[in-house]
Amino acid sequence: MGKREDLHALVGETTLQRLPMRLCEVGCQALGVDGVGIALTADAQAHSLLATCGDFVGSLEAIQFSLGEGPCLDAHGSGRPAMEPDVSGVGRTRWPLFADAALDLGVAAVFAFPLQAGASRFGVLDAARGRAGPLSVHQLEDAICLAELASEAVLLLQQADNAGNDTELGSLSSERVVVHQATGMVSAQAGLNVGDALAWLRARAYSTGLPLEDVASDVVGRRTRFGPP
Amino acid sequence: MTHPSHEPPEDLLARTFVELADILVTGFDVVSFLQLLSSRCVGLFDVASAGVMLHDAAHKLQVVASSDEQGRTLELMELQSEEGPCLDAVATSLAVSARSSDSLARWPTFTPHARSLGFQAFSAVPLRLRSQTIGALNLFGHKDVLLHEPDLRNAQALADIATISLLHERALRESRLVAEQLQSALSSRVVLEQAKGILAVTLRCPIDDAFVAMRDYARNRNLRLADVARAVVDRDPGVADIRL
């Protein structure tokens, strides 16, 4: 029996809607990690969380969206796994901002695998562990296979959407909606393109130590506008 | 393409497998893939002509590749008369092998056509994966002798590689399309929110009113909301007339 069949057996009977969640649950068992998540990406940014299981990964996704760096974005950008078995060591030089935030959460190792079809990349399966150390060869095989299954699940959900069954695939959380609206507002106020406007919001959040969502809420609530802090 | 007749057949067979695999890695083109397969069959097996037929989208067989014009002509005749070795191979999903000296009863129209083109031996192996048969690889010879059993087996092996490649390429093309639709759907959700923010500033209004202005604008002009939002974010002057 191949890996795929093994993992299929672990996933068991489920609906298409619940499949991403089941894959995360299976990942938590099979990969020896504390948390597994499946996130969608678009335009080289974190987009939305599809499913999570266990600890850390929800917060890690938010951190990467706030900072604009981290393993999920690297995996998405390169099309290859981005793995850091020791966030406190090499991880700090790879992603200085992300590493500190991840260590604050108690994350010691992160592993991210791109979801892709041909050259199109649309998401990441990521795993986090509170203990440092690499994945074993078998765990790595399982992770790559789970990422393939997750890719297929996401594409099936998109096909269901195309067929008119609204699966709410990629719906944005209310926090993220506010950030994108604030991005548009800063873009109009400062005459920046939206990429630079988001970078301004991120810099503002970083320099003030406030969460990105709070800075964005202040912009949308007209309590802050583009200008010197 | 050079005709590598100086090479021992087993080397050529191995090289053909490698070349077919290479096409898969370096950018797949169905026609050149099947053309290579057809040309190589002529060097590999004791046949004068080889070709591939595939089901099209309407589930009708079409000649997709042939090693030469005479083979293509015979394949087209076969399709027209609706009888012959390739059609049988597709219909039964089994390899077919026959000589013109005893095929007249089986294919009364095809056999004389084939003879008039100088072909005396006919083999066809199905392109099939499990229960799915997508076409056939056809081998025509000038001598009135059946193709050797090992050659028929090797032809089936090449046909199997071709089938897997074609089905894989088809599946990949489909999933690539869905992935692009997904990317565009994800991107649209973000762009819509950004556009609301931009209009809320330029029209000096609450976010919700900006959305209504954009939605009405799209509706009145029969445009897609996602396209209008994209134009707002791109500062397209075409949507500079959005008003509350």
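**Helix 4 of chain B**

How many of the 8 residues of helix 4 (residues 85-92) of chain B are buried? The count is 6, so that the helix is mostly covered; a residue is buried if 20 or more other C-beta atoms, placed from the backbone, lie within 10 Å of its own, exposed if 12 or fewer, and partly exposed in between. Helices (H or I, at least four residues) and strands (E, at least two) are DSSP runs numbered from the N terminus. This is a predicted model, in which local features need pLDDT of at least 70 and side-chain atom pairs count only at pLDDT 80 or more, while totals for chains, interfaces and linings use all residues. Residues are numbered from 1 along each chain as its sequence is written, and chains are lettered from A and ligands numbered from 1 in the order in which they are written.

The buried residues of helix 4 of chain B are P85(B), C86(B), L87(B), D88(B), A89(B) and V90(B). Their cover includes helix 3 (69-81) of chain B, together with strand 1 (49-55), strand 2 (61-66), strand 3 (96-99), strand 4 (121-129) and strand 5 (132-141) of chain B. Just after helix 4 of chain B, S93(B) adopts a positive phi of about 60°.

**Helix 2 against helix 6 in chain B**

Helix 2 (residues 30-44) of chain B packs with helix 6 of chain B at an angle of about 175°, and their axes are 11 Å apart. Axes are lines fitted to C-alpha atoms, for helices over the stretch in contact, and angles run from 0 to 180 degrees between N-to-C directions. Helix 2 of chain B is therefore roughly antiparallel to helix 6 of chain B; angles under 35 degrees count as roughly parallel, over 145 as roughly antiparallel, 65 to 115 as roughly perpendicular and the rest as oblique.

From helix 2 of chain B, V30(B), F33(B), L34(B), L37(B), C41(B) and L44(B) meet N154(B), A155(B), L158(B), A162(B), S165(B), L166(B) and E169(B) of helix 6 of chain B. This contact comprises 10 nonpolar, 2 polar and 1 charged residues, where Ala, Val, Leu, Ile, Met, Phe, Trp, Tyr, Cys and Pro count as nonpolar, Asp, Glu, Lys and Arg as charged, and the others, Gly among them, as polar.

**The interface between the chains**

Contact, defined as C-beta atoms placed from the backbone lying within 7 Å, joins 25 residues of chain B to 27 residues of chain A. Helix 6 (residues 149-202) of chain B gives the most to the chain B side, with 23 residues. That side has 13 nonpolar, 7 polar and 5 charged residues.

The axes of helix 7 (residues 137-162) of chain A and helix 6 of chain B come within 9 Å and cross at roughly 70°, which means that helix 7 of chain A is roughly perpendicular to helix 6 of chain B. Here V154(A), L155(A), Q158(A), Q159(A) and N162(A) meet S175(B), V178(B), A179(B), Q181(B) and L182(B).

**Domains**

By an automatic or database domain assignment, chain A is divided into domain 1 (3-162) and domain 2 (174-220). Chain B is divided into domain 1 (9-175) and domain 2 (182-239), with 54 Å between the centres, taken over C-alpha atoms.

Note on methods:
Contact = placed C-beta atoms within 7 Å.
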